[in-house]
Amino acid sequence: MMVEQAALRLEAVGRHYEQGENRLTILDEAEMMISPGEMVALVAPSGAGKSTLLHIAGLLDRPDTGEVYVGGEACGTLGDDRRTAMRRQAIGFVYQFHHLLPEFSALENVMMPQMIMGLKHGEAASRAQELLDYMRIGKRSHHRPAELSGGEQQRVAIARAVANSPHVLLADEPTGNLDPTTSSYVFDALTALVRQSGVAALIATHNHDLAKRMDRAITLENGKVVPLDMG
Ligand code: ADP
Ligand code: MG
């Protein structure tokens, strides 16, 4: 019998910050899992801990307690080298601002993570072009980020995040910087990519219209991950 493996699982994850005398508990034995191909919205007010959760899930930060499983692998006790390898290979991250390298073309930006993984130039270039075509920005592949609109920049950033076919795609308010029409267009492209690739996506957003279009929504309440009814 096949046992379905969660692409991402958080087990009793705790994270707090010390602020002077105060201890600020952001995550308190938080539990969560996402299946391959699933798109989950993370909707919570500013300061609730969305970025904290995404950074822990993306192995950019370590929890104080609990465990993070990516593609079934427990990441808590991994050394820094293996964590870095997991981040490059198994996880894609999209930020509110694109963070593309300004001196490189869109194509080169999407090639970069693949070249780091050891792909040959030609292979990386054809995969990058394919992804940019898929994001409907293929004709702009030789433009630098400054020559692209905000929505185009984010579509390149999404293509770059999935370049190494990660298990998990994490996005921290990826359309927070865009107007509603552009947001919707970028989100459509993102959705198509998730459906086609089978990546598990966790997307923090303030946009309720977008959240409703995902498979389900979650929020943070007293440091726990709880389901959110989007109506
Ligand atoms: P969100 O992304 O939902 O807006 P964050 O995860 O960025 O929330 O932050 C959650 C809370 O943790 C906020 O109150 C924030 O001020 C606090 N916080 C975040 N990072 C740190 C830090 N490095 N040191 C102290 N407090 C922090
Ligand atoms: Mg945030």
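Accessible areas here come from the Shrake-Rupley method with a 1.4 Å probe. On that basis, the accessible surface of the protein comes to about 11,400 Å², and carbon and sulfur atoms account for 50% of that area. The structure is a predicted model, and every value in this report is to be read with that in mind.

## Overall form

The protein is built from seven helices and ten strands. Its radius of gyration is 17 Å, which agrees with the value near 17 Å that a compact globule of 231 residues would have. Taken along the principal axes, the box filled by the C-alpha atoms is roughly 50 × 50 × 40 Å. Of the 231 residues, 50% count as buried. Among the contacts with a separation of 6 or more, 71% are made by residues 24 or more positions apart. As for charge, there are 22 positive and 29 negative charges in the protein, and their mean positions are 5 Å apart.

Helix H1 spans residues 50–57, and a loop joins it to strand E4, which spans 65–70. The helix is mostly covered, with six of its eight residues buried; these are Lys50, Thr52, Leu53, Leu54, Ile56 and Ala57.

When residues up to four places away in sequence are set aside, His55 touches Leu60, Asp61, Phe93, Tyr95 and Asp172.

Just after H1 comes Leu59, with a positive phi of about 60°, a value taken although Leu59 is not a glycine. Leu59 lies in the loop between H1 and E4, and its relative accessibility of 2% places it among the buried residues.

Which residues does Asp61 contact, once its neighbours within four places in sequence are left aside? They are Arg15, Tyr17, His55, Ile56 and Arg83. With Arg15 the contact is polar and runs from side chain to side chain, at 2.9 Å. Asp61 is located in the loop between helix H1 and strand E4, and at 18% relative accessibility it counts as buried, since the limit for that class is under 20%. The C-alpha atoms of Asp61 and Asp81, 20 residues apart along the chain, are separated by 14 Å.

## Thr219 in strand E9

Strand E9 covers residues 216–221 and includes Thr219, which counts as buried at 7% relative accessibility. A polar atom of the Thr219 side chain lies 2.6 Å from the backbone oxygen of Val43. Beyond its neighbours within four places in sequence, Thr219 is in contact with Leu42, Val43, Ala44, Lys224, Val225, Val226 and Leu228.

## Two further loop residues

Arg136 is found in the loop between helix H4 (121–134) and helix H5 (150–161). Its phi is near 60°, a positive value in a residue other than glycine, and with a relative accessible area of 63% Arg136 is exposed.

His167 lies in the loop between H5 and strand E7, the latter comprising residues 168–172. This residue is 160 positions from Ala7 in sequence, yet the two are 5.8 Å apart in space, C-alpha to C-alpha. The residues that His167 touches, not counting those up to four places away in sequence, are Ala7, Gly71, Ala90, Val199 and Ala200. The relative accessible area of His167 is 43%, and the residue is therefore partly exposed.

## Accessibility of the residues discussed

The table collects the relative accessible areas given above.

| Residue | Relative accessible area | Class |
|---|---|---|
| Leu59 | Leu59: 2% | buried |
| Thr219 | Thr219: 7% | buried |
| Asp61 | Asp61: 18% | buried |
| His167 | His167: 43% | partly exposed |
| Arg136 | Arg136: 63% | exposed |

Methods
Residues numbered from 1 in each chain as written. Chains lettered and ligands numbered in written order. Predicted model: local features only at pLDDT ≥ 70, side-chain atom pairs only at ≥ 80, totals over all residues. Heavy atoms only, no water. Helix = DSSP H or I, 4+ residues; strand = E, 2+ residues; numbered from the N terminus. Rg over C-alpha atoms; globule rule 2.2 N^0.38 Å. Buried < 20%, exposed > 50% of the residue type's maximum accessible area, 1.4 Å probe, protein only. Contact = heavy atoms within 4.5 Å. Lys, Arg positive; Asp, Glu negative; His and termini not counted. Charge placed at Lys NZ, Arg CZ, Asp CG, Glu CD. Polar contact = N/O pair within 3.5 Å; in protein donor to acceptor, adjacent residues only side chain to side chain.
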